[in-house]
Amino acid sequence: MIETSVRRDIMERLTRAGEGGVLRFITCGSVDDGKSTLIGRLLYDSKLLLEDQIAILERDSRRHGTASDGIDFALLLDGLEAEREQGITIDVAYRFFNTEKRKFIVADTPGHEQYTRNMATGASTADLAIILVDVRKGVLTQTRRHTYIANMMGIRHAVLAVNKMDLASYSPAHFHRIVSDYLQIAEHLGFSTITPIPISAQFGDNIFQRSQAMSWYNGPTLMEHLENVDNSTEKKIAFAFRFPVQWVNRPNLDFRGFSGSIAAGSIARDDDIVVAHSGKSAKVKRIVTAEGDLEHASAGEAITLVLDREIDIARGDMLADPQSRPEVSDQFAAEILWMTEEEMLPSRSYLMKTGGQIVPVSVTSLKHKLNVNTFDKEPGTALKLNEIGVCTLSTARPIAFDVYDDQRETGSFILIDRFSNQTVGAGMIEFSLRRASNIHTHAMDMDKTQRAELKGQKPAVLWFTGLSGAGKSTVANLVERKLVEAGRHTYSLDGDNVRHGLNRDLGFTDADRVENIRRIGEVAKLMADAGLIVTCSFISPFRSERQMVRELMEEGEFIEVFVDTPLEVCIKRDPKGLYKKAHAGEIKNFTGFDSPYEAPEAPELHLHTGELSPENAAEQVIQKLIDRGLIG
């Protein structure tokens, strides 16, 4: 009965909403600075733990704890067995608690550099960041990185929690030295407030209660600050209406609605809305929710809008205020945090997800990288794991967005690897590129179909890929000769020939290889538009770039021909002496030797040229064109 009463009391406290609303905050900093311990102490001191939870915590503290005596509060958060064994946080752990004044959602984020991506995930929805610093270690590289990412993600309130003051004899000199060091790097960022507080998470000093050992400190306790920090949602509600469509809801012929969560602003019945991409407009007829229809709704609410007329709206479209529309562009600048071991390469194609929109995108240039120790801008050609840089991006079609500083929900995006589906980067849009709105497609009287009909053929791009020495150019040359003899109009693009002109400025780094194929893909597209059958002979070692070229073409135009010759056969042939030079160290980044080749997984044609003669291989290509109806 007592336990039931306690549970009932806790549930009542959790359901009471304080005047301060909900504050979402994260704890971050370097490894072992005490982030999990701090949140465990907050939960413990807020009296929200049941007796059985406390008993389990005491038992686990004896088994896994790192505290010399008493309770190890970090164990309330470090739920994964790997975390407990290593004594670090790996995943993002969310906890909920409240006081009489406010409700809180807190994210305990990893301090280890390897898991920076998880810290960014927690920061993306937070209002405040508690940045912990071990008083014995001072401001570290990861402290700087997390501070910058918190600011980058739009967090406007920072708390510098100088932890483990008990291990420095509660010295004010140590505290003030760390505050001075920290403010030198943080005060020029975009935080609205930075509040330094000396604490001991393990013993509760300046968490809920003032520390008797730090009478020299006159500022607020951590909880006093969290309860009173300004967390107004007025800015989000005052912003113009933004509604990314997540689902077209059509359960029957009599109902068609558009479901999603309001990203910003508010909407009422009979309000006008516009589809950002098309400019088509309508009025709101109904605002439908699971609890019934509403007269109005505001930011954060999940609703279904029913309009007064039928207009073309699909998942990924954004509905907006006609008087204050979002930008719609296919080129913009953004700040990107790179989250994977494989480098970000300019010109490589990724998938961008923002709101309900998913669109192919390429990084056209890396403007600069950030030095996390000094926050200086530095030149670079690629982003590595946990690096931050400002890039320009180009999407396959225009997207609707707001600048991130104005609206987090509609100004942020993630980048996804096209083959692994892994999230590889997170970005914040800074501004649209002016050239995106100044350059338009000019409609021509003659189109691809007419040009192809004049030639009596259908356009195609034959993409020969394989190792150096596999025989790509040899087979492609034979194919073109056979096509010309049959009266077909062709052109041949060859890797070596193109590097004498169009791509003479490119080397053989991964970044240059990506740009090499991007340019060739665009040229091949123009030639296909002219109605030609184009043969392209390029090693093209990366699947991403071959896929990028495929998507430039119309359905059925791109034919990938894998000229598959074993490496040992290529080395034996070595027609240009390149393998010999690579083996001697005279050539760096040579594909198949010290640079990878990603073989096609499902090519339209697989030629085993270790077994086939070039003539037979060319005949198979011609037959493939006949089978696909591209030539008669």
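Predicted model: local features only at pLDDT ≥ 70, side-chain atom pairs only at ≥ 80, totals over all residues.
## Helix α15 and what covers it

Two residues are in contact when heavy atoms of each lie within 4.5 Å.

Helix α15 covers residues 510-529, and at 1.5 Å a residue its 20 residues should span 28 Å. The C-alpha atoms at its ends are 29 Å apart, so the model agrees with that expectation. Just after α15 comes Gly531, which takes a positive phi of about 90°.

Six of its seven residues are buried, so β9 is largely enclosed by the rest of the structure.

Which strands does β9 pair with? One is β8 (residues 247-252), which runs antiparallel to β9 and is joined to it by four bridges. Val248 has Phe258 of β9 as its bridge partner. With two residues between them, β8 and β9 make a hairpin. Another partner is β15 (residues 302-307), also antiparallel to β9 and paired with it over four bridges. Here Ser261 has Ala302 in β15 as its bridge partner.

Thr143 sits in helix α6, which covers residues 141-152. Is Thr143 buried or exposed? Its relative accessible area is 0%, and anything under 20% counts as buried, so Thr143 is buried. Setting aside neighbours within four places in sequence, Thr143 touches Ile131, Val133, Gly138 and Tyr182.

Cys391 is buried too, with 0% relative accessibility. Cys570 is likewise buried at 0%. As for disulfides, the structure holds zero of them.

The protein has a mean pLDDT of 85, and 86% of its residues reach 70 or more. Over residues 1-8, though, the pLDDT is below 50, and this stretch has six contacts in the model beyond near neighbours in sequence. Residues 79-90 are also below 50, with 29 contacts beyond near neighbours in sequence.

Definitions and conventions: Residues numbered from 1 in each chain as written. Heavy atoms only, no water. Buried < 20%, exposed > 50% of the residue type's maximum accessible area, 1.4 Å probe, protein only. Expected span 1.5 Å × (residues − 1). pLDDT = per-residue confidence, 0-100. Disulfide = S-S within 2.5 Å. Pairing = 2+ DSSP bridges.
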